[in-house]
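Please look through the sequence and the model, then read on.

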Amino acid sequence: MKEKDYKLERRKYVLGGAAVLIAVIYLIRLFFLQLKGGENYIAQADNNAFLHSVQFPARGSITDRNGKLLVYNQPAYDIMVVMKEQEGVDTMALCKCLGIDTAWYNRRMVEIKDPYRNPGYSRYTQQLFMSQLSAEEFSGFQERLFRFPGFYIQKRSIRQYSYPNAAHILGDVGEVNPADIEADSYYRSGDYIGKLGVERSYEKELRGEKGVEILLRDARGRIKGKYQGGKFDKAPVPGRNLTLSIDHELQALGERLMTGKLGSIVAIEPSTGEILCMVSSPTYDPRTMVGRQRGKRNKELSQDPMKPLLNRAITGTFPPGSTFKTTQALTFLQEGIITPGTAFPCSRGFHYGRLTVGCHGHGSPLPLVPAIGTSCNGYFCWGLYHMLGSRSKYGNTITAMNRWRDYMVSMGFGYPLGVDMPGEKRGMIPNGEYYDKHYKGSWNGLTVISIAIGQGEVTATPLQIANLASTIANRGYFITPHIVKQVQGVPLAKEYSEKHYTMVDQRHYETVVTGMRKAVLDGTCRSANTPMYEVCGKTGTAQNRGHDHSVFMGFAPREQPKIAVAVYVENGGWGATYGVPLGALIMEQYINGRLSEASQKKADEFAAKRISYGSSQR
């Protein structure tokens with residue numbers, strides 16, 4: 001028998017396996033060409049025959065509480081490009097027509113193709129080449145558009161601002177970034193989105209819904225008209241209009257008063273929680289943040305050491321100073337640590353062993369109401385000392401401290417209030433565990449005594465201080481402060497109508513209101529007194545590394561209050577120096593609708609005052 005050739009046998013199997021492998025590869029390739037690649041071919045064919053022109057909706061307008069138009073739309077035009085169609089275009093002629101150089105053109109073409117900058121890029125669909133041409137620029141380019149195949153004009157609108165005020169409230173609109181596109185599939189490269197203020201927080205209400213117009217093209221890409229007479233077109237849905245709660249005249253006055261100063265003024269209508277003005281200084285003119293110059297202007301503002309882009313009203317956290325003494329009075333009363341008649345000594349301050357917390361000269365000892373009126377440091381330090389040291393009531397200092405913390409949180413401190421603006425900070429209210437960790441278990445009421453007068457670790461935003469004034473005006477509750485009064489066609493979110501009650505009974509608020517009224521009649525807020533209505537107020541002089549901060553909070557009238565206000569002037573000195581007179585002017589403007597001749601003169605004087613800030617104090 002002939003011996004079997006095993007080498008030949010193995011070669012046969014190898015050749016057969018190779019043939020099978022090649023066949024499998026071809027089948028897989030055919031599968032992708034037919035099922036997967038076919039989708040691309042269909043899309044390419046559709047893009048050759050049709051042009052899907054996005055129709056952008058008109059963005060909602062914005063008015064103040066009195067119907068004054070603050071933000072509206074103006075027509076603008078974008079230049080779009082289909083990369084597949086623009087090949088061979090006379091680049092030099094295009095650049096000359098648009099007033100750009102070839103370096104800008106080349107850079108922009110690279111950006112369009114960049115998958116990070118422009119997720120979902122396709123050379124067969126329209127891409128943004130240049131945005132926000134004016135009507136004059138548009139008309140000049142439109143006449144020469146036929147010379148540049150692959151380039152199209154897309155009608156848009158840009159924001160216009162009626163006044164140079166309320167920049168931090170209104171915010172602005174700019175081109176989307178990759179994070180915006182990733183977060184919401186609504187957006188495509190070149191779209192616009194609210195960047196700051198209510199433009200950001202109410203973006204979905206303001207933006208509306210895009211439409212689409214399907215245009216038919218011939219073999220050379222020329223537009224021949226609407227596909228089937230527009231049967232499959234979708235009209236854009238305009239954005240909803242917003243009515244803000246702010247009073248533009250009050251906002252303008254507040255910004256004028258804060259010229260040349262760092263700080264904030266916030267005013268709230270206590271019965272509704274509606275913010276009447278929200279001033280952050282320094283500010284900027286929102287009219288300069290539109291069009292193609294927005295990026296350059298934004299960079300200039302971001303590099304300014306005075307930080308004009310920072311909304312100090314909600315993102316600035318500061319020691320509340322003596323305005324915080326009202327929270328201590330309410331807590332001590334509710335907890336039974338004191339009664340309105342409880343008197344404590346103050347010999348120019350709180351003294352315990354080697355520890356001294358200074359105070360100005362006044363009568364001593366004194367009960368609660370005059371202690372509020374004269375802003376006595378000693379009184380409130382003694383109150384906190386007795387609360388944190390009461391082992392019979394709380395068992396230990398940590399439990400007492402956490403009880404104190406709970407009162408502060410119920411009054412709106414320590415956490416964001418939930419204002420309908422982006423970027424709100426929480427401030428700082430320490431608890432027992434915080435101090436236990438910080439001092440390694442070795443601490444007591446004397447260690448942290450400065451929190452009784454709004455110093456130490458305690459910080460708050462100007463909005464939280466204004467909300468405190470509003471809560472006292474309401475005798476024990478607040479409605480979450482909000483900047484939008486009405487959204488066209490839809491109800492406002494329910495959280496902006498719910499009452500939030502504190503842990504303190506109404507009767508104790510009446511005692512504190514009496515103390516705040518006394519501060520205006522014959523205490524630290526005397527310059528706010530007026531025969532026109534009853535003002536209740538409380539000053540604050542918040543200690544700082546440099547000059548102290550000047551703080552004031554108050555409300556008016558005493559009964560059925562219409563306005564609660566907080567003023568915070570960084571490095572302004574005593575609360576009575578800037579805080580009280582500015583707060584009084586804000587109240588008068590809103591309650592009376594105008595300033596008297598004497599008050600107008602005073603407003604001019606304060607608007608002209610400038611505070612010098614060193615680089616370390618900015």
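## Overall form

The model is predicted. The radius of gyration of the chain is 33 Å, whereas a compact globule of 618 residues would have one near 25 Å. Taken along the principal axes, the box filled by the C-alpha atoms is roughly 120 × 85 × 45 Å.

The chain holds 21 helices and 20 strands. Of its 618 residues, 51% count as buried. Among the contacts in the chain with a separation of 6 or more, 71% are between residues 24 or more positions apart.

## Strand S11 and its two partners

Strand S11 covers residues 263-269 and is mostly covered, with 7 of its 7 residues buried. In a regular strand the side chains alternate between the two faces of the sheet. In S11, Gly-263, Ile-265, Ala-267 and Glu-269 point one way, while Ser-264, Val-266 and Ile-268 point the other way. The residues of both sets are buried.

Which strands pair with S11? One is strand S12, residues 274-281, which pairs with S11 in the antiparallel sense over 7 bridges. In this pairing Glu-269 stands opposite Glu-274 of S12. The hairpin of S11 and S12 has 4 residues between the strands, and Gly-273 there takes a positive phi near 80°. Another partner is strand S20, residues 563-569, also antiparallel to S11, with 6 bridges.

Strand S13 consists of residues 349-352. Tyr-352 stands opposite Leu-355 of S14. Between the two strands of this hairpin there are 2 residues, and Gly-353 takes a positive phi near 60°.

Most residues other than glycine have a negative phi, and most peptide bonds are trans. Arg-348 lies in the loop between helix H12 (325-334) and strand S13. Arg-348 counts as exposed because its relative accessible area is 57%, the cut-off being over 50%. Lys-440 is in the loop between helix H17 (432-438) and helix H18 (462-473). With a relative accessible area of 74%, Lys-440 is therefore exposed as well.

Cis peptide bonds are also found in the model. The bond from Ser-281 to Pro-282 is cis, with omega near 5°. Pro-282 belongs to the loop between S12 and helix H10 (294-303). The bond from Ala-556 to Pro-557 is cis too, with omega near -15°. Pro-557 is placed in the loop between strand S19 (549-556) and S20.

Gln-55 is located in strand S1, which spans residues 50-55. Is Gln-55 buried, exposed or partly exposed? Its relative accessibility is 25%, so Gln-55 counts as partly exposed; buried would need a value under 20%.

Which residues does Gln-55 contact, leaving aside its neighbours within four places in sequence? The contacts are with Gln-154, Lys-210, Gly-211, Val-212, Glu-213 and Pro-236. Gln-55 and Glu-209 are 154 residues apart along the chain, and their C-alpha atoms are separated by 9.1 Å.

## The cavity

Rolling a probe the size of a water molecule over the atoms shows where empty space is left. How many cavities of 30 Å³ or more does a search of the whole structure find? The search finds 1. The largest cavity has a volume of about 40 Å³.

The lining of the largest cavity is made up of Leu-70, Tyr-161, Ser-162, Tyr-163, Asn-165, Ala-166, Leu-170 and His-248. Of the lining residues, 5 are nonpolar, 3 are polar and none is charged.

Methods. Residues are numbered from 1 along each chain as its sequence is written. This is a predicted model: local features need pLDDT of at least 70, side-chain atom pairs count only at pLDDT 80 or more; totals for chains, interfaces and linings use all residues. Side-chain values use heavy atoms; hydrogens and water are left out. Buried means under 20% relative accessible area, exposed over 50%, partly exposed in between (1.4 Å probe, protein chains only). Two strands pair if DSSP finds at least two bridges between them. On a 1 Å grid over the protein atoms alone, a cavity is a set of points where a 1.4 Å probe fits but cannot get out, and a pocket is an open set with protein on both sides within 12 Å along at least five of seven lines; lining residues have an atom within 4 Å of a point. Grid points are joined across faces, edges and corners, and a volume is the space filled by probe spheres set on the points. Ala, Val, Leu, Ile, Met, Phe, Trp, Tyr, Cys and Pro count as nonpolar, Asp, Glu, Lys and Arg as charged, and the others, Gly among them, as polar. The radius of gyration is taken over C-alpha atoms; the globule rule is 2.2 Å times the number of residues to the power 0.38. Contact means heavy atoms within 4.5 Å.
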